[in-house]
Amino acid sequence: MPAHACPGCGSVAPMRFCAACGEEQVHARDLSLRHFAREAAASVTDLDSSLLRSLGSLVARPGLLTCEYVRGSRRRFLPPLKLFLVCNVAFFFLESLTHSSVLTTPLNVYLRFAPFKDVVAAVVAARLAQRHLTAGHYAAVFDPMVRAQAKTLVITMAPMLALAVQALFARSRRFFVEHLVFAVHFYAFFLLLLASVGTVLASVYGSMKVLGAAPAELSDSTLGVVLLASCTAYLYASVRRVYGDGRASAAAKCW
Ligand SMILES: [Zn+2]
């Protein structure tokens with residue numbers, strides 16, 4: 001193949017792909033409809049396969065994606081932030097679809113169960129009287145606000161975890177970004193976990209309602225214990241793989 005001027009960056013490209021920017025040399029046949037269709041099919045299946053591969057590894061092999069990213073094998077998987085965003089979208093989509101709220105605590109839960117419920121109730125009653133509103137109105141404003149705050153919280157959690165992990169593994173002398181990638185992968189898994197727990201709970205409640213049984217309120221603490229146990233197990237496995245920690249040391253750091 002003769003050397004040509006790269007249409008992307010202008011440098012001389014002796015091969016099919018430009019060494020400077022990666023642009024591929026175009027031939028007249030590349031503008032055929034058949035080539036276009038093949039390229040379109042490839043881009044869709046590529047995305048699918050890397051997405052599925054990333055999700056599978058994220059769930060089944062804790063820490064592997066972080067290791068692969070740091071090692072430099074990045075083309076086979078979605079980049080950490082993209083994967084996190086996909087999980088984020090999946091979580092909030094499933095949450096709105098099933099009307100579950102694993103992450104958020106709507107107003108009525110506050111009013112009924114919170115240890116400071118008397119204070120909350122008094123504040124809410126005062127506000128309602130002041131603005132001449134009903135409790136339904138107040139919940140309609142309060143619930144979306146809590147939900148929006150929960151979304152912000154999820155985004156800020158990853159850098160916080162990264163800082164904590166960096167402090168724990170200060171001796172490993174790694175770049176901060178390595179800890180950040182570790183944290184982003186963990187929260188991507190966390191969101192998937194919440195989404196599946198929320199979906200399972202919603203379908204269980206749904207079928208109980210259909211059967212006519214009174215849907216028992218699953219206590220927040222039971223749910224909390226299940227989530228905490230899964231997250232600890234996952235963190236333990238990830239730490240072992242990414243930081244190569246001994247069993248006892250990894251277990252200690254997970255607490
Ligand atoms: Zn180029």
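Mentor: Two residues are in contact if their C-beta atoms, placed from the backbone, lie within 7 Å. Before we apply this, note that the model is predicted, with local features needing pLDDT of at least 70, side-chain atom pairs counting only at pLDDT 80 or more, and totals for chains, interfaces and linings using all residues. Residues are numbered from 1 along each chain as its sequence is written. Among contacts in the protein chain between residues at least 6 apart in sequence, 56% join residues at least 24 apart.

Trainee: How many helices and strands does the protein chain have?

Mentor: Helices (H or I, at least four residues) and strands (E, at least two) are DSSP runs, numbered from the N terminus. The protein chain has nine helices and two strands, and from the N terminus on its elements run β-β-α-α-α-α-α-α-α-α-α.

Trainee: Which residues have the most contacts inside the largest nonpolar core?

Mentor: A residue is buried if 20 or more other C-beta atoms lie within 10 Å of its own, exposed if 12 or fewer, and partly exposed in between. A nonpolar core is a set of buried Ala, Val, Leu, Ile, Met, Phe, Trp, Tyr and Cys residues joined through C-beta atoms within 7 Å. The largest one here has 30 residues, and C87, A183, V184, A188 and L191 have the most contacts inside it; its largest share, 13 residues, comes from α7. Leaving aside neighbours within four places in sequence, A188 is in contact with L58, L83, F84 and C87.

Trainee: Why is F92 classed as partly exposed?

Mentor: F92, in helix α3, is partly exposed because 17 other C-beta atoms lie within 10 Å.
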